[in-house]
Each structure stands twice: as structure tokens, then as C-alpha cells.
Amino acid sequence: MAKQRTIVVGGGLAGLAATMKIAEQGMSVLLVSFLPVKRSHSVCAQGGINGAVNIKGEGDSPEIHFYDTVKGGDFLGHQPLCKDMCYHAPFIIYLLDRMGVPFNRTSEGNLDFRRFGGTLHHRTAFSGATTGQQLLYALDEQVRRYEVEGLVEKIEWHEYLGAVQDADGKCVGAVIQNLRTGDIRAERGDAVVLATGGPGVVYGRSTNSVVCTGTATTSAYLQGAKYGNGEFIQIHPTAVPGRDKLRLMSESARGEGGRVWVPRKANDQRNPKEILAEERLYFLEEKYPRFGNLVPRDVGAREIYDICVNQGLGIHGDMKVYLDLTHHSREFLDRRLGGILEIYEKFTGVDPREEPMEIFPAVHYSMGGIWTDYTRTADGFIDHQSPRNQMTSMEGLYAAGEADYQYHGANRLGANSLLSCIYTGLMMGPGIVNYIKNQKESADDLPSSLFDQAQQQWQEKFNNIKKMNGTENPYKLHAELSETMMSNVLIVRDNARLAATVAKIDEYDERWKEVECVDTSDWTNPVPSFVNQLYNMIQLSKVIAKGALLRDEFRGAHYKPEFEINQPSDFKPESFPEYTKLKAEGGLKENSFKPDHLKYMRLYEESNEKWLKSSIATFNGKGPDINYEAVDTSLIQPRPRKYD
Amino acid sequence: MSKKTITFKILRQDGPNQQSYWETFVIPYLPNSNVISCLMDIQKNPINSEGKKVRPVVWECNCLEEVCGTCTMVINGKTRQSCSALIDKLMQPITLQPLSKFPVVRDLAVDRSRMFEALKRVKAWVPMDGYHDLGPGDKILPDHQGVAYKLSECMTCGCCVEACPQYSRDNDFLGAAAISQARLFNMHPTGKLIANERLDSLMDDGGIAACGNAQNCVEVCPKSIPLTESIAEMGRQSSKRFWKTLFQI
């Protein structure tokens with residue numbers, strides 16, 4: 001059989017982890033990246049990576065990490081995957097340590113860990129406040145080593161356009177475009193991995209990098225792959241407003257003791273340092289005494305929204321609150337949070353070691369993504385040899401990292417994304433090699449007509465894009481699309497507005513046909529590529545908005561006040577498993593629980609029966625058809641969340 | 001000075017072997033702008049100061065928070081990242097030029113492959129037995145970590161080599177960034193196992209001897225990496241190796 005290889009698309013943490021794990025097994029990899037891989041969006045991750053190493057002797061364990069993760073995700077995560085990820089997390093941190101990541105240390109020289117949202121343990125390993133950058137560099141260095149050895153071929157400045165499929169629909173290669181010459185070509189690959197990150201740019205300004213358009217995963221969806229949980233978009237509670245981007249202010253600022261507050265008096269015009277402690281409303285600490293400023297992100301973003309919009313207590317009446325680190329020494333802050341504080345200072349001109357920061361919520365992460373599969377073992381872990389792991393519904397096409405959908409449910413915990421990126425990249429490696437070895441023929445043996453045809457299809461598409469001579473500037477149309485998404489599919493969701501949004505996106509779809517390709521030159525012309533990306537962003541917006549419209553419940557980041565079931569303040573989540581047990585045994589009586597608790601649990605149970613499912617979008621030629629699939633919740637019984 | 005508009009003079013070039021030319025853009029002033037948000041405004045309305053519709057300016061950027069290293073250019077004569085170049089702090093007209101030490105791809109986009117190739121030359125990685133579970137790495141004291149972390153913040157952005165008088169398009173000098181990475185890996189407990197291989201590259205043509213000690217690199221580094229310290233340290237390690245090798249022969 002001819003030589004076989006894997007194509008990995010995307011040079012962020014997931015793509016690099018997959019590349020080095022596959023190369024380690026002797027399999028060739030073609031690594032395709034939009035940018036030099038060292039510049040991928042993973043560099044933006046700041047706070048750290050989770051793993052229950054229990055360095056502080058707090059009794060932390062992977063099982064507790066697993067519980068926090070599925071609870072944080074409002075039980076929509078696929079439990080065997082979450083479990084396997086959390087149990088592998090300490091090993092992944094050790095691996096990164098051996099690779100040379102300069103993690104912060106304790107005085108004894110051990111790895112240091114800090115607090116993060118949604119847990120009560122010190123579970124987050126960190127490298128200053130640029131952990132993502134440090135992790136990416138370590139993986140980049142390992143891949144460079146394989147490049148020198150000849151096992152990895154890296155082609156940068158190339159964009160993935162679509163999969164090459166054989167007569168049975170199996171993925172046997174990828175069509176890619178050289179972003180300098182504009183040339184389009186079809187590459188043969190026995191398996192293709194999409195590790196192309198999230199779609200934050202759909203919302204215009206977000207914490208995401210410019211390349212995070214979701215184009216590659218949307219292309220897979222348009223070619224028939226299923227897309228899961230699109231409506232679950234994470235809004236990070238703390239970002240710094242900017243005209244071009246909303247810069248992340250890491251959760252680690254709160255992990256290191258940062259306190260969120262607003263003046264108790266609306267529209268207080270005083271300098272924050274003149275406002276006395278008793279005049280300040282530390283609203284997260286008051287409402288959530290146990291988790292305080294470290295509630296999960298969905299909760300934090302909603303509370304900031306409530307304080308600013310419903311209670312009108314935002315700073316100077318705006319959608320902004322204070323994030324205060326000024327009680328710490330400069331030395332402490334520089335050692336543990338230096339990178340992000342420098343960035344805040346550079347962009348705002350204010351020194352956050354002296355003045356409280358002004359922050360607000362921003363689009364940050366997509367819990368949803370391309371549907372992928374897995375094989376579980378009897379004891380609830382993952383069979384790492386299975387070729388099914390991380391495979392999309394298109395055979396031979398895989399996805400990893402933010403591009404996939406099963407790990408974070410309805411809301412991701414902070415510092416679990418670096419973990420899931422590296423975990424999926426490493427975990428899928430053996431299965432992909434097995435998949436390729438089991439193939440009867442290599443992609444190299446297939447007739448060239450198959451690849452020529454795919455190349456020609458895309459060439460024609462781009463020829464047509466270049467001929468587009470309408471009246472719409474593509475960058476302006478994108479700004480309108482993102483404004484619509486930002487105004488209507490964000491923290492608080494409402495069916496009437498979502499229905500109007502779905503209709504509005506259809507209008508953008510029509511208007512896209514009237515786009516003018518404002519640059520038709522051949523050399524290093526980003527415009528045709530952007531016009532194609534815009535088309536995909538419009539299609540993905542439909543998935544997000546329609547998924548949000550149809551999901552009539554409140555779960556994690558998807559908050560529809562109309563369908564909120566009010567939890568009695570004295571309710572304990574452990575009551576729910578008792579309730580279901582009594583019910584199953586036939587022993588449930590009306591006086592088994594307080595009447596309001598019983599009523600609440602019945603409503604909760606009813607809602608879960610209907611909605612504790614992944615929403616699955618498939619492209620019908622015009623837009624998404626949405627169906628619902630069961631989630632494996634067999635390891636930890638779902639129950640109401642509570643953080644106060 | 002009127003704050004109603006922002007004037008940009010941009011050095012443009014249609015392709016690698018084309019003639020470069022200046023083009024002026026005057027765009028409406030908006031608060032909190034930086035160079036990139038202005039380039040995005042030009043994209044939405046690509047009309048130059050003569051009222052002529054032109055092709056939008058091509059530039060490179062990604063993270064927009066000065067951590068990916070992509071958007072380096074020469075702004076008002078100074079090499080820096082364009083995302084953190086705030087309009088309110090810049091004299092107008094604002095001149096934008098591509099980095100001069102690398103081949104221009106188009107307009108403000110340049111090809112910095114040479115910097116990544118230099119990382120291969122100095123073997124900037126930790127050799128490993130495998131990616132399976134082999135337990136934790138060595139204990140490392142916080143002070144050591146502090147030094148390593150600072151070096152590890154290098155984002156291969158190109159400022160140091162742009163400012164370096166010795167780094168030119170017709171020589172093969174490694175440049176400060178790569179030399180500093182060699183130091184980073186030579187101080188790592190397992191990275192140092194191939195320290196001599198790194199030193200051999202540094203002692204080769206285009207290595208550390210090419211440094212003219214102008215110290216411009218450390219001045220322009222956006223992450224304040226102690227590049228001259230790194231060069232001095234690697235100079236020491238190289239001399240040591242030189243004498244050791246000499247006496248073994």
C-alpha cells in the first residue's frame with residue numbers, strides 16, 4: 001500500500017497535540033495552518049489548565065474535577081469523555097511540565113496551582129497569566145522537532161476550504177487554498193482532523209482572534225456533518241472593551257483574589273478609590289457566599305447583566321463593573337498575573353495595580369461544535385484505541401478542541417479549555433492511526449479524478465466570488481451580522497427576538513449574493529477568502545440562532561427567563577437523587593419533601609426529560625434542521641445546580 | 001490639532017518584486033482607536049485621500065492583544081505591534097511601513113519564516129522519551145522559573161531583529177530572539193542534555209559572533225525580554241565550549 005498520512009488542519013493546542021501524538025507513532029502528518037502555528041488563538045488563553053493534582057492537600061481528586069465539570073456544564077456534557085479527560089488531566093500537566101512549560105512553582109519547587117471558577121479547589125496550573133501562550137510554544141517546539149526529523153510537513157498561510165469525499169462520502173483529503181498565491185489544491189489524506197477552533201468572529205468583537213471565524217467547521221456542516229449544541233455560546237464575565245476586540249481579562253484575576261463590585265448608589269461619579277467599603281456592593285460575594293467571585297462564567301455574566309441592566313448599578317450607568325486587585329502587593333500581582341495586567345495597562349492607560357479595572361462581559365467560547373463520536377469502556381472511561389473517538393459523522397473526518405462539542409455541555413469551566421484541547425488532540429491519536437491502518441486502500445491509491453473534481457469545484461466557487469460585483473461591502477455586511485447576533489443571541493434570550501433574528505439572518509444570506517469582492521487581484525488577497533468566510537458565518541449564525549430559538553429552557557449559558565424554574569432558596573441539590581430514588585421504588589409521598597421543593601423537582605425533572613439532550617443541526621440545503629440526541633449521563637445523575 | 005480625522009501614510013507594495021508606493025488615507029476619528037481598528041475601517045471603506053477607490057490595505061494580525069506577535073510593523077519609524085499602537089498616543093500623519101528586514105509579501109505583510117528556521121537551527125525544544133505517562137518533571141525553584149518564564153514570553157514578533165544593525169536580508173545571522181531561546185532550553189533540566197548541540201549552532205556562521213553589541217534589540221522588545229543578558233550568557237557558554245573542545249583535540 002502507498003504511504004499513508006493524516007492531514008491536521010489548525011495549529012493551535014488541539015492540532016499540535018494531535019500532530020505530535022500521531023507523529024510519535026510513526027505516521028506522517030501534513031499540518032495545515034492559516035497562520036504560522038505559533039500565532040494561533042491558543043496564545044490568548046491566560047489563566048491556566050485544570051488538573052486535580054491536589055498539591056495543596058485539599059483532598060481534590062479527578063472524580064471531584066469530573067463532578068465540577070459536568071455540574072458546571074449543567075449536565076449536558078458527555079460523561080465518559082468528561083471523566084476520561086479529568087482522570088488524564090494530572091498526567092497532561094506533568095507531560096507539559098516535562099516539555100519545559102515554565103509553570104509557576106511553590107517555594108519547594110513543585111508545580112503551583114490556583115483557584116478558578118466553578119470549583120472550591122486549587123486545581124489550575126499556570127504560567128504567569130499567559131498559560132495558553134506557554135503551552136502552545138511547548139507543543140510548537142515538539143512539532144518543530146518532528147518537522148526536522150521529516151515526519152511532519154507544515155504548510156502555513158493555507159486555509160481549509162472543504163473535505164474531499166469518495167463515492168461513499170468518506171473523507172479522503174482536504175481542499176486547501178494558498179493564501180499568498182491564491183492557488184487551490186486538493187491534498188490526499190487518509191484521515192483529516194479539524195482542529196480549527198471556535199467561531200467568535202460571528203459576533204464581530206469578542207475575546208477571539210481574527211482567524212476564529214468557524215469557517216472550517218461550518219464547511220464540514222455544509223458538507224453534511226452534524227453540528228452539535230450550536231446555541232451554547234459562552235459569555236466571559238470579564239473583558240476589556242475595545243473597538244477592534246474585547247480583550248479578555250482572565251478569570252485568574254478573580255482566582256488570585258480579585259473582587260467584583262459596583263457602587264451601591266446608582267451612577268456614582270466618584271473615583272472608585274474614594275468609595276468606601278460599605279458603599280460598595282460586592283454582589284457576587286453577597287449572593288454566592290460559597291463560590292463568591294468564582295462562580296462559573298454563565299452565572300457571573302448573568303449577574304453582571306442583572307446588576308447593570310435590571311438594577312442600573314453599572315459604573316456611570318454603563319454596562320461595566322469594577323474588578324479590583326488593588327488590595328494585593330505589586331510584587332504578588334506581577335509574579336502571578338503580570339502578563340494580563342500589562343496588557344490592561346497598555347490598552348487602557350490605567351495601572352490595575354493601583355486602580356480597579358473596568359470590565360464587562362464578552363463572547364468568549366463555543367461549547368458547541370462539530371458532532372464527534374467516542375467509544376466508552378464498561379467502567380465509564382474511553383477506549384483510546386477506538387477509531388470512532390473524535391470522528392465526525394463524516395467517516396474519516398475528525399474534530400478536536402473548541403471545534404468539537406461534547407466536553408463542556410451548556411457552560412465550560414475556566415481552565416478546562418486548554419485541558420480539552422490537549423486531551424482531545426492526544427487521545428484521538430492512537431484511534432486515528434488504527435483507523436488508517438484498517439483502510440483497505442490508501443488515499444494515495446485513489447484515482448486523481450476524485451481530487452481534481454474537488455479542486456475544480458472550489459476553484460469555480462472562488463472564480464465566482466471574484467466576479468461578485470454587487471453593492472455590499474463584505475466587511476460592512478459582517479459588521480451588521482455580528483451586531484444582530486450580539487444584540488439578540490447573547491446572555492438573555494427571548495423567543496420573539498430570536499425569531500426575528502432568524503428571519504434577519506435569512507436577509508443577510510440574500511444580501512451576501514450582492515457582495516462586492518472589493519479586491520480581485522491574485523496575490524495575497526484576503527478578500528475572496530473573507531467573502532467565503534462571511535458566507536459560512538451567516539450559515540453558522542442560523543445554527544446558533546435557530547438552536548437558541550427552539551430550545552425552550554434555561555440551561556447553562558442558554559438563559560431564557562420565560563422558561564426559568566425558580567429554585568427555592570433552601571433547596572439542596574442532593575434532594576433530587578433522593579426524590580428520583582423514592583419515585584423509582586414507589587415510595588414517593590406528597591410529604592416526602594417540602595411542597596415547594598417537590599413542585600420544583602417535578603418541574604425540573606419534566607424539563608430535563610424534554611431538554612437534557614444535545615441539539616444536532618444538519619444542513620438541508622438552505623439552513624439547519626435541528627434534532628435532539630440523548631446524552632450519556634449514566635455516571636453522575638443530573639441535578640439542579642447551586643453555587644450559593 | 002483637529003481630532004476629527006486620522007491621517008495615515010502607508011507604504012504599499014502589490015507583491016514581492018513590485019515597486020513600493022505611499023498612499024494616504026484620511027478616516028474619521030473615533031475614540032479608543034488603535035492602528036488595527038483603523039485598518040479595519042479602511043477595509044470597510046477603501047477610499048484614499050484623493051477620493052479614489054483602492055484595494056484595501058493588506059496586513060497581518062491575529063490576537064489583537066500583543067501576545068501572538070503577528071501584527072508587527074514600523075509605525076512612525078518605530079518597530080512595534082500595531083494592535084497596541086493607540087491612535088491617541090501617535091503623532092499624525094501616522095506612517096505605516098512593513099518590517100524592512102524581511103521580504104515583503106504585500107503591503108504591510110512580510111515573510112518572517114527565517115525566524116522560525118532559526119529556531120530549528122538552535123534546536124529550541126526539550127528532547128523527550130515520549131508523550132506517555134512518565135510522571136512529573138524535575139522540581140524547579142521559583143527564581144529559576146521566573147527567569148525561564150521571561151525568556152519564554154518571546155513571541156517571535158521580529159522587533160529585535162528589525163532594530164538590529166547586524167541582521168540583514170543578505171546574511172544569515174540568527175538574531176537575538178533565537179539566541180535567547182537557546183539560553184532558555186540550555187537552562188532547562190532536560191533541555192540542557194543537548195546544550196552542546198545548541199552551542200555548536202551558535203558558534204557556527206551567522207551565530208553569536210555576528211552580534212555587534214548594539215543593544216538595540218533589548219530596547220525595542222515589547223515583552224522586555226533581557227535579550228542582551230541572553231546574548232552575553234550564550235557568549236560565555238560558547239567560549240567555555242570552545243576552549244574545552246580545543247584542549248580535547
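Predicted model: local features only at pLDDT ≥ 70, side-chain atom pairs only at ≥ 80, totals over all residues.
The domain assignment divides chain A into four parts: domain 1 (5–235 + 365–450), domain 2 (236–361), domain 3 (453–550) and domain 4 (561–630). Between domain 1 of chain A and domain 2 of chain A, the C-alpha centres are 31 Å apart. The contact between these two domains involves 24 residues of domain 1 of chain A and 23 residues of domain 2 of chain A. On the side of domain 1 of chain A that touches domain 2 of chain A, 15 residues are polar, six are nonpolar and three are charged.

Chain B is assigned two domains, domain 1 (5–110) and domain 2 (113–248). Their centres, taken over C-alpha atoms, are separated by 31 Å. Domain 1 of chain B contributes 12 residues to the contact between the two, and domain 2 of chain B contributes 14 residues. Strand E4 (residues 78–81) of chain B provides the largest share of the side of domain 1 of chain B that touches domain 2 of chain B, namely three residues. That side comprises four nonpolar, five polar and three charged residues. Chain B as a whole contains eight helices and seven strands. Its C-alpha trace extends over about 70 × 40 × 35 Å along the principal axes. Of its 249 residues, 48% count as buried. Among contacts in chain B with a separation of 6 or more, 63% are between residues 24 or more positions apart.

The contact between the chains draws on 57 residues from chain A and 55 residues from chain B. On the side of chain A that touches chain B, at least two residues come from each of helix H1 (13–24), helix H3 (79–99), helix H4 (131–149), helix H9 (330–348), helix H12 (474–488) and helix H14 (526–550) of chain A. The most is given by H4(A), with eight residues. By class, the side of chain A that touches chain B has 22 nonpolar, 17 polar and 18 charged residues.

The buried positions of H12(A) are A:Pro474, A:Tyr475, A:Leu477, A:His478, A:Leu481, A:Ser482, A:Thr484, A:Met485 and A:Asn488. The buried residues of H12(A) pack against elements of both chains: helix H13 (495–512) and H14 of chain A, and helix H1 (35–44) of chain B.

Helix H10 (residues 417–437) of chain A has 21 residues, and the distance from its first C-alpha to its last is 30 Å, close to the 30 Å expected at 1.5 Å a residue. Because 18 of its 21 residues are buried, H10(A) is largely enclosed by the rest of the structure.

Strand E8 (residues 171–178) of chain A is likewise largely enclosed by the rest of the structure, because seven of its eight residues are buried. E8(A) pairs with two strands. With strand E7 (residues 158–165) of chain A, the pairing is antiparallel and covers seven bridges; A:Val175 in E8(A) is the bridge partner of A:Gly162. The hairpin formed by E7(A) and E8(A) has five residues between the strands, and A:Gly169 in the turn has a positive phi of about 90°. With strand E9 (residues 184–188) of chain A, E8(A) runs antiparallel and is joined by five bridges. Here A:Val175 has A:Ala186 of E9(A) as its bridge partner. E8(A) and E9(A) also form a hairpin, with five residues between them and a positive phi of about 85° at A:Gly182 in the turn.

In strand E20 (residues 613–619) of chain A lies A:Lys613. A:Lys613 is partly exposed, with 16 other C-beta atoms within 10 Å. Not counting residues up to four places away in sequence, A:Lys613 touches A:Tyr628, A:Glu629, A:Ala630 and A:Val631. Its C-alpha atom is 37 Å from that of A:Glu187, a residue 426 residues apart along the chain.

How values were computed:
Residues numbered from 1 in each chain as written. Chains lettered and ligands numbered in written order. Contact = placed C-beta atoms within 7 Å. Helix = DSSP H or I, 4+ residues; strand = E, 2+ residues; numbered from the N terminus. Nonpolar A, V, L, I, M, F, W, Y, C, P; charged D, E, K, R; others polar. Domains from an automatic or database assignment. Expected span 1.5 Å × (residues − 1). Buried ≥ 20, exposed ≤ 12 C-beta atoms within 10 Å, placed from the backbone. Pairing = 2+ DSSP bridges.
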